[in-house]
Every structure is written in C-alpha cells, then in structure tokens.
Amino acid sequence: MLVWSHCSRRIIRPVRTSEVAAALLLRRKRLQACESRRYKSHATNDAKTEQNVIAEKEDKPFYVTTPIFYVNAAPHMGHLYSMVLADTFRRWQQFMGRDAFLLTGTDEHGMKVQQAANKIEKPVKQFCDETSQLFKNLAAEAHISNDRFIRTTDEDHREAVHKLWNTLVEKGYIYKGKHEGWYSVSDETFYPESQLNRDFDQSSGVTKVYSNETGKEVEWASEENYFFALSRMREPLLELFNSRLEDKFVYPYSQFKTIIDSVENGLSDLSISRPSSRFTWGIPVPGDESQTIYVWVDALTNYLTSAGYGKLTGSEFEKSMWPVDIHVVGKDITRFHCIYWPAFLLAAELPLPKHIVVHSHWLMNGAKMSKSSGNIVDPHAVMVIAGVDSVRYYLLRHNILEGDGDFDTERVLERRQADLVFKYSNLVSRTCSKSFSIELALSHHLKGYPIPGTRPDKFLAFQSEMITEANSLVDNVARHMNNFNPTGSLSEIWDVLKKANQYVDYATPWNTESSNISPTIFVMAEMCRIISIVLQPFVPTYASKALDKLSVSPERRSIEYAKFEADMTYGKGANLPNRGHVVDYRL
Ligand code: ME8
C-alpha cells in the first residue's frame with residue numbers, strides 16, 4: 001500500500017507503509033541507543049562517554065535564548081533558573097573564544113495579559129511596561145549577560161511577525177476556517193477532549209472543565225480563525241527528528257522521546273488567530289484587522305526578530321547570527337518549541353535551531369512554582385540573603401534537566417557555606433594569607449626553585465596528579481558544557497578544588513621553614529588562579545573577586561591562561577591584609 005509523504009523540501013513522493021514501519025523501527029532503535037549512552041554517562045557522571053554535540057567555532061555568534069516570559073505577574077525563581085542556565089551557556093562560549101549573543105525578554109500580548117491588566121483596571125500597555133521592567137531588573141540583578149531584552153511590543157518584532165506570517169501564506173500553509181474547541185486562557189492554548197476532565201459544582205449547578213495536563217480551566221470557543229497546516233508537517237518533522245537524534249536536537253532524550261511519540265500519533269492543523277472582537281491585545285493579521293495573531297506565533301517569532309529577520313533581506317539574513325544554537329525552555333512549553341516552532345520554520349524554509357534544551361521545574365512544597373498559583377520563591381529576596389552568585393551556584397549545581405527539584409532557601413545557604421565559603425573562598429584566603437607572598441613565590445619559581453621542594457614521594461605524586469588535573473580542567477569542563485551539563489562541570493571543578501584543599505592541609509606551609517615555602521605557595525596560587533579562571537562563566541562575581549585578590553590582570557583571565565605557569569605576572573600585593581573575601585559574609 002502507498003501513502004503520501006512530504007519531505008522537508010515539500011516534494012510529495014509516495015512511500016510504502018512497510019517503509020514507514022521500517023523507518024519507525026529504526027528510529028526507535030536509535031533512540032534506545034542514545035538513551036542507553038545517556039544512562040551510561042549519567043551513571044559515571046562522565047561526559048567522556050558522550051560525543052561533543054556543540055559545533056566547533058563557526059562564522060557566526062553563538063546564539064542562546066531563554067523563553068520570553070508572560071508579564072501577567074512578577075518573576076519567580078523558575079524564571080531566574082532559565083536565565084541563569086542560558087547565561088552560563090553564553091558566558092562559556094565567550095570564554096571559549098566565540099562571540100555569543102543571549103536573548104531574553106517578555107511576552108506581552110494575549111488574552112492572559114489583557115485579563116490580568118483588566119483585573120486591576122490598568123491600561124494594558126502601562127501594565128506591560130511595569131511588569132516587563134521587573135523581569136529586566138531581575139536579569140540585571142542576577143548579572144545575566146543578555147545582549148538584548150526583547151519585548152513583543154517592540155516595533156521591529158511586529159515587522160518580523162508580519163514577515164513570517166506573509167511567508168507562510170505565500171508558501172500555502174495558512175488558510176481560513178471555523179474553529180470550535182476548549183480554550184484555556186491561562187495556558188493560551190486549545191485542548192482536545194481527551195485531555196480534559198469535568199467537575200460538577202453542587203452549589204452552583206455548574207460543570208467546570210479543566211485541562212488534565214495543567215489543571216487550568218478551559219472555556220468553549222467557537223469562531224472563524226486562520227489555520228496553519230500543521231498536519232502536513234508530520235513527516236517532515238519526523239524526518240528532522242530522525243536525522244537529529246544523535247546530535248540532541250531536543251535534550252534530554254526523555255523529552256525528545258515524548259515529542260517524537262506525540263508527532264507519530266498525528267498532528268491536527270493549528271488555529272493561529274483569534275477574532276479581534278474577542279481580543280485586541282496582539283498583532284493584527286496583515287491585511288485582515290478583524291483577526292489578531294495567536295500569541296504563540298507572535299511569541300516564538302521573537303527569536304527571529306532579534307536576528308534581524310524583519311529588517312534584513314534574504315541574503316543579509318543568511319549572514320546573520322541565525323539559527324539559534326541553544327533554546328533553553330521549561331518542560332511546560334516543549335510542544336510549542338519542539339513541534340510548532342520547527343514546523344513554522346520548515347514551512348517558511350528557514351534554518352532550524354541546533355538544540356532545544358528542556359529543563360524540569362522547581363517545586364515549592366512539592367508543587368510547581370507558578371505565577372498563577374502564587375506558589376513562588378521570590379528570587380530577589382533569596383539573592384539579598386545569600387548573594388547573587390550563591391543562588392547561581394545552587395541553581396546550576398542541581399541538575400533539574402531530568403527531574404523536578406524542590407527549591408529550598410535553607411539548602412542555598414548550606415551549599416554556600418559548604419562549597420563556596422569552606423572550599424573555594426577558604427583556599428583563596430589561605431593562599432593570600434599575610435604570612436606568605438605569592439609575588440615572591442612566583443619570582444622564586446622564575447629563578448628556577450624546583451616545584452617539588454623537599455617533600456616525600458607520596459606528596460610529590462599527589463601534587464603532580466593535581467597539577468595534571470588542573471591542566472585538564474578546561475577540557476573536562478568543556479565536555480560537560482558541550483553536553484548541556486553545568487552541574488557536571490561544577491562537580492569537575494569541585495573535585496579539583498577538593499584536591500587543592502587536601503594539598504594545603506597536607507603541605508601545612510604555615511609550619512614549614514620560610515626558605516622552603518615558595519614552591520608550595522606557588523602551587524597553591526596556581527590552583528586558585530586556574531580554578532578561578534574556569535569558574536568565571538558560572539559564578540562571575542566570586543571568580544572575579546578571587547582573581548582581583550590574586551592581582552591577576554584582567555587581560556590574563558581568558559582560557560589560554562587556565563594552565564600551570566601560563567601567567568607569571570600576578571600576585572603583586574595579593575598578600576596584603578584586608579583585601580576582602582571572595583564570598584561576602586552577609587549572614
Ligand atoms: O510560557 N521551574 O511564559 P511563562 C523552572 N510566554 N522553570 C520555570 C518554572 C518553574 N517552576 N516556572 C516557569 C511562557 N519557568 C511563554 C513563553 S517563549 C516563545 C514564550 C520558566 O511566563 C520555564 O522556562 O509562563 C518555563 O518554560 C517558562 O518560565 C514559562 O514562562
């Protein structure tokens with residue numbers, strides 16, 4: 001039997017159902033192989049068993065994005081998490097010598113925002129301006145290195161949305177039709193009957209209908225809409241997934257698998273506009289003011305806007321920073337990013353993002369932290385108590401890519417004390433003690449004082465193993481970062497940090513005759529310097545304070561200096577008293 005299939009260039013060709021079954025089987029096998037590799041590397045916490053999926057240097061900036069957040073309420077710790085993760089990817093790429101661009105911002109159109117503004121009787125634009133500013137302030141306070149903070153009310157965004165819409169019309173993917181269904185204003189999406197449950201309220205005699213997935217109430221909507229021919233994209237999407245299984249188009253695999261299953265089960269056409277009579281707070285359909293563009297088409301296009309899509313000609317756009325290298329998203333919005341978004345791009349014949357990294361959710365008391373339920377941790381309050389970098393460290397140290405995690409402010413403080421104060425800050429403080437002189441240790445080293453000094457063989461073996469590990473630190477951390485794993489990177493760094501502290505405990509330089517101290521102080525200073533250089537993308541403030549304390553010049557903090565003896569010019573004044581702590585003592 002023959003069925004019709006669309007390939008990515010939309011040439012229609014007949015395929016046999018036996019071919020489809022064989023392709024399905026092959027995809028399943030490859031997915032299983034990818035999963036088993038993942039478990040192996042997870043079990044050993046060793047990125048060496050995984051391939052590098054991030055492309056080596058390319059002739060365009062490395063482009064990272066966060067979701068753009070709804071302005072219906074103030075930001076919480078979940079939003080900060082997506083920002084910190086994306087920021088770390090951006091900073092890492094820049095550290096590795098590549099230009100990088102980070103985009104974050106706010107999603108301001110749609111019924112949800114319109115209703116939130118109406119509820120407190122504020123003009124919608126003013127409401128958006130005020131709440132958007134809260135997200136902008138959060139990014140600044142947490143030292144997020146975003147290159148642009150986009151708002152969907154920005155003028156160049158409207159141009160980009162219109163251009164994408166017109167392209168999809170030209171290519172024959174948009175048509176007008178009647179739409180009836182259950183719509184959730186809170187989730188800004190329609191749900192099929194199979195994903196709903198009903199609750200009869202005895203007192204009012206009213207039956208309310210809710211989404212199974214999010215628990216949000218839905219209402220019946222019946223209207224004229226424009227549709228996107230999503231059902232035609234099933235085969236092109238499956239082809240895409242098939243060709244990008246190994247290189248982690250969607251990561252982690254558990255999320256990728258759910259997406260593939262969902263597309264295999266079939267796709268219905270998607271309603272992509274709403275009558276302006278029902279809501280006006282959005283971008284009108286070009287040439288038909290009676291319809292407003294669906295908020296998700298509007299929102300997803302923000303990633304194109306910032307690459308200049310609305311303004312640049314086709315050939316100029318080809319030379320832009322497009323496509324996105326990493327989209328960081330929460331698991332609540334995978335359908336939009338992993339199915340709708342690639343479908344729009346395939347239909348518009350635009351290059352696809354390289355990776356979509358999906359993280360799970362921060363919970364509070366076992367339930368998802370969420371603006372609409374009010375079950376939230378205020379990031380500003382925790383940063384004031386614990387310090388910005390202690391919060392960044394806690395968020396990155398806990399891998400919630402695979403499973404949800406309970407956010408606990410007490411734990412932020414515990415980790416700060418155990419890892420940042422006792423291990424990191426302590427090593428730097430001891431090395432910068434006024435009893436030693438890094439400057440002198442470096443000059444002795446340059447004059448040929450031997451690194452080993454007069455120590456037992458066991459100590460020397462430990463020292464040389466530690467130096468080898470410090471010299472491999474960048475490569476080991478890079479392997480984790482190239483597999484979207486900042487948690488693994490931090491474990492790698494803390495392993496070396498632990499060794500450095502053991503080294504100091506063992507060497508007890510404060511008990512050694514002053515003529516013998518220099519080789520040990522030199523090794524300690526080098527450990528502090530290398531570790532601090534590599535820590536910059538993760539805890540930028542603490543790392544730069546440590547490098548300042550060691551008097552490392554700002555020009556010598558890049559990747560090529562993260563090796564033993566790569567910089568012999570630092571240390572001046574490093575051992576003067578009162579030069580401050582790496583981690584603020586603010587409790
Ligand atoms: O969905 N834990 O905006 P949104 C971790 N505007 N991350 C969380 C979280 C939690 N408890 N809660 C939220 C939207 N997030 C759309 C996006 S993109 C083109 C449009 C993070 O304000 C996470 O990244 O509801 C999640 O996907 C996002 O905030 C949802 O933010």
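1. Let's start with a contact: Glu130 and Lys122 join their side chains in a salt bridge, 2.6 Å from N to O. A salt bridge here is a side-chain nitrogen of Lys or Arg within 4 Å of a carboxyl oxygen of Asp or Glu. Glu130 is partly exposed at 35% relative accessibility, and Lys122 is partly exposed at 27%. For these labels, buried is under 20% relative accessible area, exposed is over 50%, and partly exposed is in between (1.4 Å probe, protein chains only).

2. A word on what you are looking at: this is a predicted model, where local features need pLDDT of at least 70 and side-chain atom pairs count only at pLDDT 80 or more, while totals for chains, interfaces and linings use all residues. Residues are numbered from 1 along each chain as its sequence is written, and side-chain values use heavy atoms, with hydrogens and water left out.

3. Back to the charges. How many salt bridges does a search of the whole structure find? It finds 30. Among them is the pair Glu193 and Arg198, at 2.9 Å from N to O. Glu193 is partly exposed, with a relative accessible area of 45%, and Arg198 is partly exposed at 44%.

4. Lys331 and Asp404 also meet in a salt bridge, 2.9 Å from N to O. This pair links distant parts of the chain, 73 residues apart: Lys331 is in the loop between β16 (326–330) and α11 (334–347), and Asp404 is in the loop between α13 (388–397) and β20 (405–406). Helices (H or I, at least four residues) and strands (E, at least two) are DSSP runs, numbered from the N terminus. Lys331 is partly exposed at 30%, as is Asp404 at 38%. Elsewhere, salt bridges with shared partners tie Lys60, Arg98, Asp325 and Lys354 into one network.

5. Now the rings. A search of the whole structure turns up 32 aromatic pairs. Rings of Phe, Tyr and Trp (its six-membered ring) pair if their centres lie within 6.5 Å; planes under 30 degrees apart count as stacked, over 60 as edge-to-face and the rest as tilted. Trp182 and Trp220 have ring centres 5.1 Å apart and planes at 70°, so this pair is edge-to-face. The two link distant parts of the chain, 38 residues apart, with Trp182 in strand β6 (residues 174–184) and Trp220 in strand β10 (residues 219–228). Trp182 is buried at 14% relative accessibility, whereas Trp220 is partly exposed at 47%.

6. Is the pair of Phe241 and Phe249 stacked, edge-to-face or tilted? The ring centres are 6.2 Å apart and the planes are at 35°, so the pair is tilted. Phe241 is buried, with a relative accessible area of 0%, and Phe249 is buried at 0% too.

7. Trp322 is worth a stop. Ring pairs link Trp322 into a cluster with Tyr63, Phe101, Tyr303, Tyr309, Phe317 and Trp341. Trp322 is in the loop between α10 (314–318) and β16, and is buried with a relative accessible area of 4%. Trp322 and Phe62 are 260 residues apart in sequence, yet 9.1 Å apart in space, C-alpha to C-alpha. A cis peptide bond joins Trp322 to Pro323, with omega about 5°.

8. Some backbone details to check. The peptide bond from Tyr251 to Pro252 is cis, with omega near 0°; Pro252 is in the loop between β11 (250–251) and α7 (253–264). Asn365 is not a glycine, and has a positive phi near 50°. Asn365 is exposed at 70% relative accessibility and lies in the loop between β18 (362–364) and β19 (367–368).

9. Two arginines sit over rings. Arg232 lies over the face of Tyr173, 4.2 Å from the ring centre, and Arg335 lies over the face of Phe336, at 5.3 Å. The test asks for NZ of Lys or CZ of Arg within 6 Å of the ring centre and within 35 degrees of the ring normal.
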